[in-house]
Amino acid sequence: MKSYRKELWFSAPTRRAFINITDPVQACLEESGVREGLVLVNAMHITASVFINDNESGLHSDFEKWLEKLAPEKPYSQYAHNGYEDNADAHLKRTIMGREVVVAVSEGRLDFGPWEQIFYGEFDGKRRKRVLVKIIGE
Ligand code: ZN
């Protein structure tokens with residue numbers, strides 16, 4: 001069995017962002033040489049997500065509005081976590097959007113359903129943060 005590990009770094013210029021990471025994950029898969037197996041992609045930070053959905057800007061705008069209703073960024077004082085930080089909303093948003101995805105690898109390709117793309121969800125940006133890509137198989 002082959003095993004492959006790589007960290008992908010991102011630096012969103014804004015507090016919140018959705019970044020399509022399908023191509024860099026595909027590049028990892030090609031580099032791994034795995035033809036049949038599994039890819040795990042997870043955020044290595046507790047204020048960021050990795051999730052699969054449609055690459056459609058209206059939907060991303062809907063996610064932003066929906067998450068702001070569930071866990072509004074402000075006022076910062078509404079959260080017990082914000083004693084020394086201001087990112088309680090980012091922890092909550094990350095939990096809703098998820099930590100990781102697993103994608104099947106078939107014949108050397110990411111075996112997606114129709115329209116599936118992998119996204120990095122940033123909820124406390126303006127700094128460098130990592131995503132782990134782990135690939136196992138043969
Ligand atoms: Zn925090």
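**Entry 1: overall layout**

I note first that this is a predicted model. I looked up the secondary structure and found 3 helices and 8 strands in the chain. Reading along the sequence, I wrote down the pattern β-β-α-β-β-α-α-β-β-β-β. The C-alpha trace spans about 50 × 30 × 20 Å along its principal axes.

Next I checked burial and surface. Of the 138 residues, 43% are buried. The accessible surface comes to about 7500 Å², and carbon and sulfur atoms hold 53% of that. I also looked at contacts with a separation of 6 or more: 83% of them join residues 24 or more positions apart. For the charges, I have 19 positive and 21 negative, with mean positions 6 Å apart.

**Entry 2: the aromatic rings**

How many aromatic pairs are there? My count came to 7. I picked out phenylalanine 51 and phenylalanine 119, whose ring centres are 5.6 Å apart; their planes meet at 25°, so I logged the pair as stacked. This pair links distant parts of the chain, with phenylalanine 51 in strand β4 (residues 48-53) and phenylalanine 119 in strand β7 (residues 117-122), 68 residues apart. Buried or exposed, I asked of phenylalanine 51? Its relative accessibility is 5%, so phenylalanine 51 counts as buried. Phenylalanine 119 is buried too, with a relative accessible area of 1%.

I then turned to phenylalanine 63 and tryptophan 66. Their ring centres lie 6.5 Å apart and their planes are at 50°, so this pair is tilted. Both residues sit in helix α2 (residues 57-70), 3 residues apart, which is about one turn of the helix. A reminder to myself: an α-helix has 3.6 residues a turn, so residues three or four places apart point the same way. Phenylalanine 63 is buried at 12% relative accessibility, whereas tryptophan 66 is partly exposed at 41%.

Stepping back, I saw that ring pairs link Phe18, Phe51, Phe63, Trp66, Phe119 and Phe123 into a cluster.

**Entry 3: around serine 11**

I looked up serine 11, which lies in strand β1 (residues 2-11). Serine 11 is partly exposed, at 48% relative accessibility. Which residues does serine 11 touch, leaving out those up to four places away in sequence? I found Arg127 and Arg128. Serine 11 and glycine 125 are 114 residues apart in sequence, yet their C-alpha atoms are 6.9 Å apart. Arginine 128 came up again in another search: it lies over the face of tryptophan 9, at 4.3 Å from the ring centre.

**Entry 4: helix α3**

Why do I call helix α3 (residues 88-97) largely enclosed by the rest of the structure? Because 7 of its 10 residues are buried. I listed the buried ones as Ala88, Asp89, Ala90, His91, Lys93, Arg94 and Met97. Their cover includes β3 (37-43), β4 and α2. Just after α3, glycine 98 takes a positive phi of about 100°.

**Entry 5: phenylalanine 112**

Phenylalanine 112 is in the loop between β6 (109-110) and β7. Setting aside neighbours within four places in sequence, phenylalanine 112 is in contact with Thr22, Ile52, Val103 and Ile118.

Where is proline 75? I found it in the loop between α2 and α3. The peptide bond from lysine 74 to proline 75 is cis, with omega near 0°.

Tryptophan 115 has a positive phi of about 75° although it is not a glycine. Its place is in the loop between β6 and β7, and tryptophan 115 is exposed at 71% relative accessibility. Lysine 126, also not a glycine, has a positive phi of about 65°. I located lysine 126 in the loop between β7 and β8 (128-137), where it is exposed with a relative accessible area of 62%.

Technical notes
Residues are numbered from 1 along each chain as its sequence is written. This is a predicted model: local features need pLDDT of at least 70, side-chain atom pairs count only at pLDDT 80 or more; totals for chains, interfaces and linings use all residues. Side-chain values use heavy atoms; hydrogens and water are left out. Helices (H or I, at least four residues) and strands (E, at least two) are DSSP runs, numbered from the N terminus. Buried means under 20% relative accessible area, exposed over 50%, partly exposed in between (1.4 Å probe, protein chains only). Contact means heavy atoms within 4.5 Å. Accessible areas come from the Shrake-Rupley method with a 1.4 Å probe; for residues, only the protein chains shown count as cover. Lys and Arg count as positive and Asp and Glu as negative; His and the chain ends are not counted. The place of a charge is taken as NZ of Lys, CZ of Arg, CG of Asp or CD of Glu. Rings of Phe, Tyr and Trp (its six-membered ring) pair if their centres lie within 6.5 Å; planes under 30 degrees apart count as stacked, over 60 as edge-to-face and the rest as tilted. A charge sits over a ring if NZ of Lys or CZ of Arg is within 6 Å of the ring centre and within 35 degrees of the ring normal.
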